[in-house]
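This report describes the fold of a protein chain for a reader who is new to such descriptions. Please keep the sequence and the structure in view while reading.

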Amino acid sequence: MKVNSSQILKGTLEACILKLIKHKDMYGYEITENLSKYGLSMVAKGTIYPLLLKLEKEHLLDSYLKESFDGPPRKYYKISDNGIKFIIDFEKTWNEIKNSIDTILNLQGESYGNEKNN
């Protein structure tokens, strides 16, 4: 059975987007390109825009229009103060979960609760 990476990504994609935008205001396509650059090319472009709208409604992002040299103005996203707080909390929680999962995945040759009760 193949691991479904989209299920693993589901809870972390918001934090990845916020972290990217924390470093630089970006428009939607630019976010998609950056996610691909960091190895998340499996994220569909159609996934990003509804997620950006959700983050904006939750006041984790703000947006503004900026003129483009190539056509119509682009909608840029910037992280809000609430978004920065979210990232801090997410990173703490992520590290706790990651450490626990790493511990379990690194088990070697130990019994995994299969002992027989005497």
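In what order do the three strands form the open sheet, and is the pairing parallel or antiparallel?

## The sheet

The three strands are arranged in the order 1-3-2, as an open sheet with antiparallel pairing. Strands here are DSSP runs of E with at least two residues, helices are runs of H or I with at least four, and both are numbered from the N terminus. Two strands count as paired if DSSP finds at least two bridges between them. Strand 1 and strand 2 (61–66) are the edge strands, each with a single partner strand, so one side of each has no neighbour in the sheet.

Strand 1 and strand 3 run antiparallel and are joined by two bridges. In one of the pairings, M26 has Y77 of strand 3 as its bridge partner. Helix 2 (residues 13–23) lies across strand 1, strand 2 and strand 3, and runs at about 95° to strand 3. For such angles, axes are lines fitted to C-alpha atoms, for helices over the stretch in contact, and the angle between N-to-C directions runs from 0 to 180 degrees.

## Basis of the description

The model is predicted: local features need pLDDT of at least 70 and side-chain atom pairs count only at pLDDT 80 or more, while totals for chains, interfaces and linings use all residues. Residues are numbered from 1 along each chain as its sequence is written, and side-chain values use heavy atoms, with hydrogens and water left out.

## The nonpolar core

A nonpolar core is a set of buried Ala, Val, Leu, Ile, Met, Phe, Trp, Tyr and Cys residues joined through side-chain atoms within 4.5 Å. Buried means under 20% relative accessible area, exposed means over 50%, and partly exposed lies in between (1.4 Å probe, protein chains only). The largest core holds 21 residues, of which I17, I21, I31, L35 and L52 touch the most other members. Helix 2, helix 3 (28–37), helix 4 (45–57) and strand 3 each supply at least two residues of this core. Helix 2 gives the most, with six residues.

Contact means heavy atoms within 4.5 Å. Not counting residues up to four places away in sequence, I31 touches I17, L20, I21, M26, I48, L52 and Y77. T32 lies in helix 3 and is buried, with a relative accessible area of 4%. Leaving aside neighbours within four places in sequence, T32 is in contact with K45 and I48.

## Aromatic rings and charges

The structure holds four aromatic pairs. Rings of Phe, Tyr and Trp (its six-membered ring) pair if their centres lie within 6.5 Å; planes under 30 degrees apart are stacked, over 60 edge-to-face, and the rest tilted. One of the pairs is formed by Y27 and Y76, edge-to-face at 5.3 Å centre to centre with 70° between the planes. Y27 belongs to strand 1 (residues 26–27) and Y76 to strand 3 (residues 74–79), so this pair ties together parts that are 49 residues apart in sequence. Y27 is buried at 17% relative accessibility, and Y76 is buried at 12%.

A charge sits over a ring if NZ of Lys or CZ of Arg is within 6 Å of the ring centre and within 35 degrees of the ring normal. The charged end of K66 sits over the ring of Y76, 5.1 Å from its centre, and R74 lies over the face of Y27, at 4.2 Å from the ring centre.
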